[in-house]
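Take a moment with the sequence and the 3D view before reading on. This report covers a pocket, some charged pairs, a helix and a sheet.

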Amino acid sequence: MVSICSPLSPNLVANSISVEAPRSRGRLLTSREYGVLLQSCIDSKSLERGKVLHSRIRKAGFERNRDLLPRLIKLYSVCGRIDDARKLFDRMSKRNSDVFLWTSMICALAKNGSMMRCFELFVQMLERGVRPDSYTFSGLLKASAEFGFLELTLQLHSMVVRCGCVGCLSVANSLIHAYGSFGVVHEARKLFDRMVVRDVASWSAMIQACSSMGSYADSMALFSRMQLGDSLKPNEITVVALLPACGFFSSLRHGQAVHAYVIRTGYESNLIVGSALVTMYSRCGDPDVAYTIFANFYQKNLVLWTSMIEGFALNGKHDIALNLFKKMQDQGFHPNYVTLVVILSACSHAGFVDEGLQIFETMQEKFGVKAGVEHYACVVDMLARGGRLDDAEKVIESMGMRSSGSMLGSLLGACQVHRNVEIGERTAYRLFELEPRNAANYVILSNVYAAVGQWHNVGRVRQMMIAKGLLKDSGCSWIELKGTIYVFGAHDRSHCESDKIYKVLEELSEEIVRAGYIPATEHVLLDVEENEKKKLLCSHSERLAIAFGLLKVPPEMPIRIAKNLRVCGDCHEAIKLISRVTSRKLIVRDTNRFHHFYRGSCCCGDYW
């Protein structure tokens, strides 16, 4: 009995099932013993062995057993034989009184992607008078999140309240997950705050909901509360949900603390956690550590390869990214939709136009991936950055699908760089129709006009913004020191050490001028005097953050800052010279990529 009821390996299952008769020392097996064998078939997805076992269960008269029947349904479900599972379910004449059996079939349909059939069966269940329980609602809520239909989740939430299941932990967790997947974070947070008892799944779902909507500060605050308030031990899902927040803030200190926790708990061998760590270190500007984690995995999957390729591309190591892309294929991995977006984006940021176009033109034939709007957006960006604005516009017109805001936005941004008013105007007005409330599009068109000195048109666009009630996003930069994030705006004097910061800036300005710096006042898109433009350039937010870093960060450590907008051309040139005169490594992340400055040069090669 001990041997039979212990967890079995697939080989032991095979030996158990292959005997001539299901007997143990001349005794018929019990339903419990059959359950153990059946569970082993489910765990190993052994369909043929499971079918043999099903036949013997039927002969033994246990097919309608309340414990075995749901397992038989699950066996056929996990082996991809959902129709066989449904036939078995339909044969059961007494199913009307068993909510457990209905729930098993509903969950089986959901896990096999048969969403419509899943909810049709739920309606049948209600029509037959079977009252759903917490397990039914948990399965349906997960299915509604995957189905992508918010209205369905709202109706299920209403039924949960009416059936008195809202206080059930698994149902509340499923509701938080569902609302989070739809981006309705305020509803998820209301549910979370009302919970009397929370488990790790509750916290993980809420952290994931915040991270998915970019509320990274809330994610980190929740993680701290989880450990300090409820004294719960985060699991792999919690870690994967939190790491994007560390990457967003370029908070290497927090990321390293999470990594240390991963090592202590033994999660480091988990591929999903490994991929998240690679992404986190890459987005904190440390691709070398990311590669160390990547290389330590003997068995890699496509997600891990894609994360590492993206990490090198983000940090200006485009040649390495392309080589890794080729190495990935040599090891038998075919790029998927996301991998191709990543490598095309890398080609765009590196100026590898010919290589990028070759990948794009052969991707369907070579990899079986049909080009989507994200791939076309990369091609448009690639051509536009290279000054081929006419070609980029032709791609948009001929691609046979609706253009996206990011695609048109990259073309409009390139029109500012290359001072092309004609294409800029056409692109901007298309964006105004597509994204009427996006103030950034108006600002960039205004900058296009300012770049060529059309100040009357600059005023006209600003009047349009005022009439529509649109406000320009303020640029800011931040730096993390000893767990605290310090934020600076342009020309900011609110910091308590503002006098010291501006004194450092003055000294730096004198040094970089001696090193050959000439202020590029054309980057000040305001109709003011030349001297005023020079003063404005010197106090951009990234320079203030760097000056503060020079005051506080030890000389042997790199200074890491992040900015919510693109670094302007003048600041880029100034920071290169600052890295030379101070002999410091400066790592600056803007909206698109990382700039690693050292000894007067940048990893982007001045192409960004």
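## Residue classes and the model

Ala, Val, Leu, Ile, Met, Phe, Trp, Tyr, Cys and Pro count as nonpolar. Asp, Glu, Lys and Arg count as charged. The others, Gly among them, count as polar. The model itself is predicted.

## The second largest pocket

By those classes, the lining of the second largest pocket has 16 polar, 12 nonpolar and 6 charged residues. The lining comes to 34 residues. The space inside is about 990 Å³. Which residues lie nearest its centre? They are Cys107, Lys111, Ser138, Gly139 and Lys142.

At least two lining residues come from each of α5 (68-78), α7 (99-111), α9 (134-147), α11 (169-181) and α13 (200-212). Helix α7 gives the most, with 7 residues.

## Salt bridges

How many salt bridges does the count come to? The count is 19. One of them links the side chains of Arg81 and Asp84, at 3.0 Å from N to O. Arg81 is partly exposed, with a relative accessible area of 32%. Asp84 is also partly exposed, at 23%.

A second pair is Arg385 and Asp381, whose closest N and O atoms are 2.8 Å apart. Both sit in helix α23 (residues 373-385). They are 4 residues apart, about one turn of the helix.

Lys500 and Glu497 make another bridge, with 3.8 Å between the closest N and O atoms. Here the two partners fall into separate classes. Lys500 counts as exposed, at 52% relative accessibility. Glu497 counts as buried, at 18%. Elsewhere, salt bridges with shared partners join Glu393, Glu422 and Arg426 into one network.

## Helix α12

Helix α12 spans residues 185-194. Its buried residues are Val185, Ala188, Leu191 and Phe192. Why do they lie on the same side of α12? They cover an arc of only 125 degrees around the axis, so they share one side of the helix. The face turned away from that buried side carries the exposed residues His186 and Arg194.

## The open sheet

Now for the strands. Six of them form an open sheet, in the order β4-β3-β5-β6-β7-β8. The pairing is mixed. Strands β4 and β8 (601-602) stand at the edges. Each has a single partner strand, so one side of each is left without a neighbour in the sheet.

Strand β3 (residues 476-481) and strand β4 (residues 484-489) run antiparallel, joined by 6 bridges. Within this pair, Trp478 has Val487 of β4 as its bridge partner. The two strands form a hairpin with 2 residues between them. In the turn, Lys482 has a positive phi of about 50 degrees.

Strand β6 (residues 586-589) also pairs in the antiparallel sense with strand β7 (residues 594-598). That pairing runs over 4 bridges. Which residue in β7 is the bridge partner of Leu586? The partner is Phe597.

How values were computed
Residues numbered from 1 in each chain as written. Predicted model: local features only at pLDDT ≥ 70, side-chain atom pairs only at ≥ 80, totals over all residues. Heavy atoms only, no water. 1 Å grid on protein atoms, 1.4 Å probe; cavity = no way out; pocket = protein on both sides within 12 Å on 5 of 7 lines; lining within 4 Å. Points joined across faces, edges and corners; volume = space filled by probe spheres on them. Salt bridge = Lys/Arg side-chain N within 4 Å of Asp/Glu carboxyl O. Buried < 20%, exposed > 50% of the residue type's maximum accessible area, 1.4 Å probe, protein only. Pairing = 2+ DSSP bridges. Arc of directions from axis to C-beta.
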